[in-house]
Amino acid sequence: MSEVEAGASAAQREAGIDFERLFDVAPCGYVLAERNGRIIRANETFAAWTGRPAEQLVGKRFSDLLSIAGKIFYETHFAPTLHMAGSFNEVALDLVDDQGAKLPVLVNATGGLHDGEHVQILFAVFRATQRRQYEQGLLEARDKAEATIVSERATSELQEQFIAVLGHDLRNPIASIASGIHMLAKETISQRGARVVELMSGSILRANALIDNVLDFARGRLGGGITLDRNAREPLEPVLRQVVAELQSVYPKPTIETRYELADPVDCDRMRIGQLLSNLLGNALTHGAKDQPIMVDASTSRSELVIAVSNGGEPIPPQVLERLFQPFFRGDDRVKHGLGLGLHIAAEIARAHEGMLVARSDVKATTFVFTMPLDI
Amino acid sequence: MAVDRAVLTVLVVEDDALVRMHGIDILEDAGFAVLEAADADEALVILDGLDDVDLLFSDVDMPGSMSGLDLAHVVHERWPDMPVLLTSGHHRICEAQLPAEGKFVTKPWAQAALVKQIRDLLHA
Amino acid sequence: MAKRLNARAAGTGARAMLFAHGFGCDQNMWRYVAPAFEQDFQTIVFDYVGAGASDLTAYDPQKYASLEGYADDVVALATELGISDGVFVGHSVSAMIGLIAARKAPGLFSTLILVGPSPRYIDDGDYVGGFSEDQIVELLDFLDTNHLGWSQAMAPTIMGNPDRPELSEELAASFCRTDPEIAKRFARTTFMSNNRADLGPIDARVLILQCRDDVIAPESVGAFVQQSIPGSELVLLDANGHCPNLSAPAETIAAIKAFV
């Protein structure tokens, strides 16, 4: 050993660091290569991963040790980027050992080393088996989740189509029965019979409203939305009056008090507004106090149409009030009738008319107010 | 334009028997003479045989060779002066789809409104 | 089309020289070569749809499932720019794209420079493309599982590079970034392609630049291309690997200059 070398080694021993050894046994692979990728020196760690002695790797191209995909990627992405940007980090590749087995690794490379005038590349290679498995697992889970979403969406669409068809088909027999009831009512009939007919009428009315709401909802979910057939020529008041009359005949109590101040024409879909009122009124009749009258107030100002329906009874707690217009929401009262669609559909009708529906509730009254801008 | 007759005749076309009875009932109560048909084909047979039907009141969805809407167009072609009132619980027919002198009313019917609609069409 | 393909023109010359990048990156592959021709040519570089800063929304999987789709874009671009009797310089798969384009619209290019061309990568009978079908399937499977992280997540964060001060950080960060889905499809289109039928006589001067040690376009393939195009010339560059336009720009420039 020369004096210089002895001194150098001494210095190393003194400092306690054997850099040569560190290079070889580092917990990652180190590969020093020429600019064209040919290996100058690889450390022991890396050599062990390739299943070959380190000396045998000298002269091979780094890309020779990669899988096919890695080789192609090296030529088309890795090497160009090293040239252009000087480094390339966090590349996931597969090393292939002498048996052909693949070892997933992560590679960082820098191409900025100089040995005299030659630029060299230094690769740092890290084992990534577990990481790769984890990633695989994540990808598979994601694919599965996506597939589930697609299939659930398809099922959900089928269900909604079924509902739409059902609702549609139910209309005929219901209409038929309604006509039959109408005519039975005109026959000579006992008082009890008359009462029966009256009750049947009410049921049919409810059934119709239910079908209307279900169909609207299903159509909405399938992307249809609430369609409007606006008409500014026909008066709105008769439609509203009819709705009130029909519901009062089915629910004699509580009384429904009305106030109409509608300066026609109102540019709206009268049937839909009727449906909206019917849903609000039905809700009030079902949930309101039976001993306090329900107020229906419909008026127009210069700029808007306002329809308000108020009932007495227990106030609606705020957390329920928030969710009232959500479909299928029925509050705490499962006992009360309804699918929980009526208010939702009413809100959708309001929206379709560019208006809104709001609810407020306190000990004095619960009030639903529909406002709609008048045209313009 | 209706012939100035004392009693006006309406042809009711509807495939559901109960609903048809109901319609006839409403119209007879209102003072009209009423003829009935269960589908468009029957309706045309009746129209071909008589010349004093004043108004056609027809459902849209019916079995047979054509729908109520098709019937309305055929009737308008052959009897241009006859007003047509279509009705349906499923479809909403807008004015553009109807022939001239045609109107549409949804089911379920509001009795008074229906009668008024028919009177308006006849006296237009 | 020029906008869609992010085409950049430079130079003052009567004749146009269109540089087309290959599979892998984008027009920046030519940054060391194209400027050398600005004195004598009007140089144009561009990105294929799906690469670099091209209009990604214009990517149509059906159109670009074959090289014809890419060739159509080249023809459209050249026509829009009014190129006639121009030089087409195509790297890697672009070499074949150029041949297809030249056959589609014969007046556009009178000279074709094919850098590392290959008409087919998969071996077929006597033909040695360099890869077995299994290997290409392995490649495509690999891409499908996104294993190499050929995704945005894997695009390197470059902290600036003292060795290349002229490189802006922005360029460094965007270089070689491609939409991973499109990259996968382009890989499939490229490596499953079979365009040997597009070799053969052509009414243009053809130069083939071949590198040593090119895994993707080995010397035997370069020779095959040269033999299949009567009158074509092959120059073996003193360069290794598949991208002499980056690794050995001087040699590349010299070889092209000697030919045009």
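Predicted model: local features only at pLDDT ≥ 70, side-chain atom pairs only at ≥ 80, totals over all residues.
**A walk through three chains**

Residues are numbered from 1 along each chain as its sequence is written, chains are lettered from A and ligands numbered from 1 in the order in which they are written, and side-chain values use heavy atoms, with hydrogens and water left out.

What does Asp73(C) pair with? Its side chain meets that of Lys63(C) in a salt bridge (2.6 Å, N to O); a salt bridge is a side-chain nitrogen of Lys or Arg within 4 Å of a carboxyl oxygen of Asp or Glu. Lys63(C) sits in the loop between strand 3 (41-46) and helix 1 (67-80) of chain C, and Asp73(C) in helix 1 of chain C, so the pair ties together parts that are 10 residues apart in sequence. Helices (H or I, at least four residues) and strands (E, at least two) are DSSP runs, numbered from the N terminus. Lys63(C) is partly exposed, at 29% relative accessibility.

Now step back to chain C as a whole. It has eight helices and seven strands, and buried residues make up 57% of its 260 residues. Take the contacts (heavy atoms within 4.5 Å) in chain C between residues at least 6 apart in sequence: 77% of them join residues at least 24 apart.

Over all chains, the structure holds 26 salt bridges. One network of them links Arg38(A), Arg61(A), Asp64(A) and Asp213(C). In chain A, the side chains of Asp212(A) and Arg171(A) meet in another salt bridge (2.0 Å, N to O). Asp212(A) lies in helix 7 (residues 191-221) of chain A and Arg171(A) in helix 6 of chain A, so this pair ties together parts that are 41 residues apart in sequence. Arg171(A) counts as buried at 15% relative accessibility, whereas Asp212(A) is partly exposed at 24%.

Being four residues apart in helix 4 (residues 111-122) of chain B, the two are separated by about one helical turn.

In helix 2, the buried residues are Ala40(B), Ala43(B), Leu44(B), Ile46(B) and Leu47(B). They cover an arc of only 160 degrees around the axis, which puts them on the same side of the helix; the arc is that of the directions from the helix axis to the C-beta atoms. The face turned away from this buried side carries the exposed residues Val45(B) and Gly49(B). Among the elements covering the buried residues of helix 2 is helix 3 of chain B.

Helix 3 (residues 68-78) of chain B has its own buried residues: Gly68(B), Leu69(B), Leu71(B), Ala72(B) and Val75(B). They cover an arc of only 155 degrees, which puts them on the same side of helix 3. The elements they pack against are strand 1 (9-13), helix 2 (40-49), strand 3 (55-59) and strand 4 (84-88) of chain B.

Technical notes
Buried < 20%, exposed > 50% of the residue type's maximum accessible area, 1.4 Å probe, protein only.
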